[in-house]
Every structure is written in structure tokens, then in C-alpha cells.
Amino acid sequence: MKILNSPLISVIVPCFNSGRTIKRTILSIKKQTWAKKEIILVNDGSTDGLTINTLKELGKEKIVKLINQENNGLASARNKGVNKSSGIFLFFLDADDWIEPQTLEMMYLHLMKNKKYGYVFPDIVLEGKRKGLIEKEFNLFEQFFLNQLPYCIFISKENFTKYGIYDENMKLGYEDWDLNIRLGTNKIFGKRLPLPLFHYDV
């Protein structure tokens, strides 16, 4: 899709020993209908040969900016990706998941139509050991007790850096739950895009 003065979208992809799946993830981003995009691929200290060689190969592609760091966890890798990004908007995608070709375009348009919201998120298609579809509206009260949202939110870089940023001390998970609560308590609320665009590898 061609939109006049369309903004650059940075897709942040952390990777740790995900050599089996990372090509599928990157390909799903390259296939996006949204033209102005960059992939910030953060190698979080991968140790297996397949992953290291695959990342070197992917890093040669013009659309990919490969960042290497010592293993410091998912939160750190995502933050590093944001710091190295150039986009006005951010989208987060892990190295074993993938998205439908129209995802970035639909997310951007949905956020523009719902400007009182701070970010948007899609429905989740479960893949692998579990199958199904997760459809959930944003509810901040429920969010305090159970994480309602996928990690793959579409948000402006301004809102993320001002009110968000992942807590790098959370190395055992729940970093996205924590982020969503902090955004909500700063009145940055999420808006569901009721389309099954995000494939989550369980």
C-alpha cells in the first residue's frame, strides 16, 4: 500500500539460538505490504552454529540491521533494538513467531483510526503444541491480575520510550505483562485489531 508520507516502521526481533525458525520470521516481515520498514535483528548472545551462521546471512540483507550483544535476556534485546531503530513506529516480533503479509499496514491504519489509544494489538493464532485463536479486548483492571495481551504490540517510538521500555531485571519472563501495566497506568491504552494476524509458536 502506498500512503503519502508513510512513516518508517521498525520491527524489533530478538534472537537467542533460534536458527530453526528465524528465517520464517524474517521472511514474514519482508513480505509485508507496508513498504517503509526496517528489521532490527538483535542477537542476544546465541551460541549454536546454525543460529550464528543464519544471522550472519540475514545480516547481509539491506532491510536487516543486525545487532550483537552478550546474552542479557529478552527485555534487554528488545530495548537494544529500539535504541538502534530509526522508525517512528515500533512492532515487536520474536524469532519463532510470524505475521500475515498485511499486518503492519492494518496495524498502522487501525491506530490512525483510533487515535485516543496508545497502541494496537492483533488476535493471536496459536501454533505448535496448542491450536486455537485468542481474541481479547483490552481491560486494564483484568490486566493487573492476568496478562491479556500479546507481546507484539504496534506503538509509536515516542510512547514506548516515554512511558514504557522493558524492565531488564525481568529475565525470567513477564516483561511484557509489566510493560502493559506501566503503559496503562500512564493512560496509554491498547486497542484490539480483531484480525488473526499474529502466529504464536507455543
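Mentor: I99 stands opposite F198 in β9. I99 belongs to strand β5 (residues 98-99), which pairs with β9 (residues 190-201) in the antiparallel sense over two bridges. Strands here are DSSP runs of E with at least two residues, helices are runs of H or I with at least four, and both are numbered from the N terminus. Two strands pair if DSSP finds at least two bridges between them. This is a predicted model, with residues numbered from 1 along each chain as its sequence is written. Local features need pLDDT of at least 70, side-chain atom pairs count only at pLDDT 80 or more, totals for chains, interfaces and linings use all residues, and side-chain values use heavy atoms, without hydrogens and water.

β9 has another partner. Strand β6 (residues 119-127) pairs with β9 in the parallel sense, over eight bridges. There, Y119 stands opposite G190 of β9.

Now step back along the chain. Just after α7, K187 takes a positive phi of about 65°. Within α7 (175-185), the residues E175, D176, W177, L179, N180, L183 and G184 are buried, meaning under 20% relative accessible area with a 1.4 Å probe, protein chains only. These buried residues pack against β6, and also against α3 (74-83), α5 (140-143), β8 (154-156) and α6. Contact means heavy atoms within 4.5 Å.

K171 sits in it, between α6 (157-163) and α7. The K171 side chain reaches the backbone oxygen of E168 at 3.5 Å. K171 and G73 are 98 residues apart in sequence, but 5.5 Å apart in space, C-alpha to C-alpha.

Conventions:
A polar contact is a pair of N or O atoms within 3.5 Å; within protein, one must be able to donate a hydrogen and the other to accept it, and residues adjacent in sequence count only if both atoms are side-chain atoms. Buried means under 20% relative accessible area, exposed over 50%, partly exposed in between (1.4 Å probe, protein chains only).
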